[in-house]
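My notes follow in the order I worked.

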Amino acid sequence: MRGLCSTLFLLLVALMIVTTEAGKHKKEKGKRAKGKSDCTEWSYGNCMPNKGNCGPGLREGTCDDQTRKQKCKVPCNWKKQFGVDCKYKFDSWGECDATTHTKIRTGILLKVFHQAECQKTITVSKPCSTKSKSKGNKGKRRGN
């Protein structure tokens with residue numbers, strides 16, 4: 001009886017080991033099926049908008065003989081001229097130039113995404129405001 005219990009115990013342990021190993025292989029197989037790759041040096045192109053020249057779009061990445069697409073967004077304002085993958089920290093706007101009626105500010109490169117080519121510093125300009133800003137209780141009246 002003691003030998004039978006020992007044999008059953010060993011069979012039970014062997015069965016547990018076999019099912020555990022089979023589960024590991026199944027998980028590894030499933031990971032590969034979902035698009036995981038051994039590739040570590042992905043190179044991404046520019047973000048291409050789905051419609052027009054700004055808004056949501058896709059960028060294509062390549063590594064060895066593999067390709068993948070990634071969602072991205074091109075800003076629909078003045079920032080798109082410097083690239084969606086270049087992030088800058090800007091100074092305050094300067095004084096209005098009386099001859100050009102514009103004011104400028106400088107941006108310093110903070111971060112580069114997807115190995116983009118970015119300028120270290122950039123200068124942007126905008127028209128001066130025609131409205132004069134008054135400080136105080138604008139538009140608020142009390143009593144009278």
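Is C47 buried or exposed? I looked up its accessibility and found 7%, so C47 counts as buried. Here buried means under 20% relative accessible area, exposed means over 50%, and partly exposed is in between (1.4 Å probe, protein chains only).

**Ground rules**

I am working on a predicted model, where local features need pLDDT of at least 70, side-chain atom pairs count only at pLDDT 80 or more, and totals for chains, interfaces and linings use all residues. Residues are numbered from 1 along each chain as its sequence is written, and side-chain values use heavy atoms, with hydrogens and water left out.

**Confidence**

I checked pLDDT, the predictor's confidence in each residue, from 0 to 100. The chain averages 77, and 68% of the residues score at least 70. Confidence is lowest in helix α1 (residues 2-33), with a mean of 61. It is highest in β6, at 93. Helices (H or I, at least four residues) and strands (E, at least two) are DSSP runs, numbered from the N terminus.

I marked two stretches with pLDDT below 50. Residues 27-34 are one of them, with two contacts beyond near neighbours in sequence. Residues 139-144 are also below 50, and that stretch has zero such contacts. Contact means heavy atoms within 4.5 Å. Where pLDDT is low, the predicted coordinates should not be read in detail.

**Disulfides**

How many disulfides does the rule give? I get five. The rule takes a pair of cysteine sulfur atoms within 2.5 Å. A disulfide is a covalent bond between the sulfur atoms of two cysteines. With the bonded cysteines numbered in sequence order, I wrote down the pairing 1-4, 2-5, 3-6, 7-9, 8-10.

- C47 and C72 have their sulfur atoms 1.9 Å apart. The link is right-handed, with 90 degrees about the S-S bond. It ties together distant parts of the chain, 25 residues apart: C47 sits in the loop between β1 (43-44) and β2 (48-49), and C72 in strand β4 (residues 66-74). C72 is buried at 13% relative accessibility.
- C54 and C76 have their sulfur atoms 2.1 Å apart. This link is also right-handed, with 100 degrees about the S-S bond. The two cysteines are 22 residues apart, C54 in the loop between β2 and β3 and C76 in the loop between β4 and β5 (86-90). C76 counts as exposed, at 54%.
- C86 is joined to C118, S to S 1.9 Å. The torsion about this S-S bond is about -85 degrees, so the disulfide is left-handed. C86 lies in strand β5 and C118 in the loop between β6 (102-112) and β7 (121-127), 32 residues apart. C86 is buried at 7%.

Which side chain does R59 meet in a polar contact of 2.8 Å? I found D85. A polar contact is a pair of N or O atoms within 3.5 Å; within protein, one must be able to donate a hydrogen and the other to accept it, and residues adjacent in sequence count only if both atoms are side-chain atoms. R59 is found in strand β3 (residues 55-63). R59 is buried, with a relative accessible area of 4%. Leaving out residues up to four places away in sequence, R59 touches a list of residues that includes C47, C72, D85 and H114.

I looked up its contacts, leaving aside neighbours within four places in sequence, and the list includes C47, M48, K71 and C72. The C-alpha atoms of G57 and K71 are separated by 6.0 Å, although the two residues are 14 apart along the chain.

**Positive phi**

I noted two residues other than glycine with positive phi. D64 has a phi of about 55 degrees. D64 lies in the loop between β3 and β4 and is exposed, with a relative accessible area of 72%. H114 has a phi near 55 degrees. H114 is found in the loop between β6 and β7 and is partly exposed, at 26%.
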